[in-house]
Amino acid sequence: MLDNAFVMVGIILLINIVYVSFFTIRMILTLKGQRYLAAFISVFEVIIYVVGLGLVLDNLNEIQNLIAYAVGYGIGVLVGMKIEEKLALGYTTVNVITTNLEGGLPNELRNKGYGVTNWLAEGREGQRLMMEILTSRKSEMNLYNTVKDLDPKAFIISHEPKAFHGGFWVKGIRR
């Protein structure tokens, strides 16, 4: 079966897609502090890596195998990113700045279950309402859409927090 060049290329391509997808997920889990799950995944990652690399090195005279390995690596990066996007692990902090001082936007967001801290800020063209909202990454796009529905002119920016202590979300975050 491995004598057929097309089968060999397909196997190498598939092995590397799986390997790099595992690699990407393991790295993200490591960055998110999920060390035991990352270590568990790394066992399978290394097995897949050694098998794939072994196939390429055993048949190094076949350039198509090397090309399949490289292409599989690139596709694996994309697949791994897509998987991570679907998992949407962690939380994000969303800052919203609006000129709508009287619209009740913070309370509308609170009524939808978001933790909102708000204050008045001074912008180039006058007072602004500044809101800081912590949400799960799975709910991030829903929050963006909610804010845009309530205030289409709102300025929205987000970043990923590294640590939490105290506040509205702590009980739900610590498991």
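Which helix holds both Tyr 19 and Phe 23, and how many residues apart are they? Both lie in helix H1, four residues apart, or about one turn of the helix. Keep in mind on this tour that the model is predicted.

Stop 1: Select Tyr 19 and Phe 23. Their rings form a tilted aromatic pair, 6.4 Å centre to centre with 45° between the planes. Tyr 19 counts as buried, at 10% relative accessibility, while Phe 23 is partly exposed, with a relative accessible area of 27%.

**Stop 2: the cluster.** Together with Tyr 19 and Phe 23 they form one aromatic cluster.

**Stop 3: H1 against H2.** Now show residues 5-31, helix H1, and residues 35-58, helix H2. Their axes are 9 Å apart and the packing angle is about 155°, which means that H1 is roughly antiparallel to H2. The crossing of H1 past H2 is left-handed. By class, this contact has 19 nonpolar, three polar and two charged residues. Among the residues that meet are Tyr 19 and Phe 23 in H1, and Phe 44 and Tyr 49 in H2.

**Stop 4: the ring pair in H2.** Select Phe 40 and Phe 44, which are four residues apart in helix H2, about one helical turn. The ring centres are 5.2 Å apart and the planes are at 75°, so this pair is edge-to-face. Phe 44 is partly exposed, with a relative accessible area of 39%.

**Stop 5: H1 against H3.** Finally, show helix H3, residues 63-87, beside H1. The two pack at an angle of about 35°, with their axes 6 Å apart. H1 passes H3 in a right-handed crossing. The residues of this contact divide into 19 nonpolar, eight polar and one charged.

Conventions:
Residues numbered from 1 in each chain as written. Predicted model: local features only at pLDDT ≥ 70, side-chain atom pairs only at ≥ 80, totals over all residues. Heavy atoms only, no water. Axes fitted to C-alpha atoms, helices over the stretch in contact; angles between N-to-C directions. Parallel < 35°, antiparallel > 145°, perpendicular 65-115°, else oblique. Left-handed = near helix turned anticlockwise from the far one by under 90°. Contact = heavy atoms within 4.5 Å. Nonpolar A, V, L, I, M, F, W, Y, C, P; charged D, E, K, R; others polar. Phe/Tyr/Trp six-rings, centres within 6.5 Å; stacked < 30°, edge-to-face > 60°. Buried < 20%, exposed > 50% of the residue type's maximum accessible area, 1.4 Å probe, protein only.
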